[in-house]
Each structure stands twice: as C-alpha cells, then as structure tokens.
Amino acid sequence: MSEEVFEIVCSMDRRKVELQIVLQCAPTLAGLKTSNLLILPKDLEEQARVILRHTGLVGYRLVYDRHRVVFLVFKRDMLISYLKSDEVKSFLASYEYDIDCFGACLKTFQRRYEDFVKSRKNFPHEMGAFLGYPMCDVKGFIENEGDGFLIAGYWKVYGDANRTKQLFELFDETKDDMVCMLSKGYTLNQIISEQSRASLA
C-alpha cells in the first residue's frame, strides 16, 4: 500500500464494511484471485452478507472467533474450477475430503477451520487450496513447516518467486485503486465494473 493510499485509509471509517471488503478481498473482487478471508466484527456480519450478495461474491461463514466473524469470500465458479483440478483433488482427497461434492468440501473445511480456531491445534493446511494458492506453495509450506520460503506476501512462496512477486504487486495496485475509488464515493459494484472494463482494455 502506497503512503498516499495509507493516508486515505486512515481518514476513512474503518468500520465501513465496503472498506474492509476492499482491504481484505480486493484481488477476489477484481477476479484476480479465487478467494480471500474476510474478518469483521460480529455485529457487521449481516451487513457484509447483503453487500457481498450484490457483488456476485459468496460470503461463507467459517467461524465466530471471540468478537469477530471469519468468512471465506469467493467467486463460486472460480473456486469450483480450481478445486476440480487433478492436483487439488488429489491433495484434498489425502485429507479425506469428499472431492466430488463442492458443498461437502466447504462444510468439511469449515468444520476443520473452526476446530483449529477453538483449540489452536491441528492447523488445516488445506486452507491454501480453498484460498486458491498454487499447489507448489501449499505443499512447500507444509513440507517446510512454513520455513525456507523464497518470498512472502499474500502467502509464502516456494515455487515461481518472480512471477508470484509480480502477481503480489498487481494485487497491491488493485487494492490501492479500489481504495481510491471508494474514497471518491464509488460503490463496490461500480468498482468491480470499472475493474472489469480495465482488464478488457
């Protein structure tokens, strides 16, 4: 985030749900990433659901954690397509997921993530698959126990560092652009439309 955009964020209402969605989910809003986690105060849950519904994104509640709610925010078609790839299916099957049923996969992940949040044990490493990370990075993280990564940004990278660094930079630029648009009064739907037009140009 640039210094200019940081100052814009500081001047805005941090409890504004649209701002939090942009800050935490900009790559998914722009269609650059399959999904993101969205963490909000519990009292903003229903407002977030309504806003997400109007953007075409799914907000799937994973857990209540103290005074917060954690959503998996995703583009349904993108996530289903990613989870259907042979490498991801094989990976999830090794964690005993019902890989032929998207709803069952989500429910199993939700249960395993909730168990982790409540006990702080048995981290669900398959989270990387549900967040659309490259499988080489998901597997690299598991095999190296989070150490020995090449670069770290939106996730820890064990594969193509140069390509992923460029992707992280694109994510940052997209987030900055969206924050600026939001500060000028654009709605999330208008921001998504603008991003779509820009990507087609």
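Helices here are DSSP runs (H or I, at least four residues), numbered from the N terminus. This is a predicted model, where local features need pLDDT of at least 70 and side-chain atom pairs count only at pLDDT 80 or more, while totals for chains, interfaces and linings use all residues. Residues are numbered from 1 along each chain as its sequence is written, and side-chain values use heavy atoms, with hydrogens and water left out.

First stop: select G132, P134, W155, R163 and L167. Of the 14 residues lining the largest pocket, these lie nearest its centre. (A pocket is an open set of points on a 1 Å grid over the protein atoms alone where a 1.4 Å probe fits, with protein on both sides within 12 Å along at least five of seven lines; lining residues have an atom within 4 Å of a point.) Its volume is about 260 Å³, meaning the space filled by probe spheres set on the points, which are joined across faces, edges and corners.

Now colour α8 (135-143) and α9 (161-183), the elements that give two or more residues to this lining. The largest share, four residues, comes from α9.

Next, grab F123, H125, M127, G128, L131, Y133, D137, V138, F141, Y154, W155 and K156, which line the second largest pocket. The volume of this one is about 200 Å³. Which elements each supply at least two residues of its lining? Show α7 (127-130) and α8; α8 gives the largest share, three residues.
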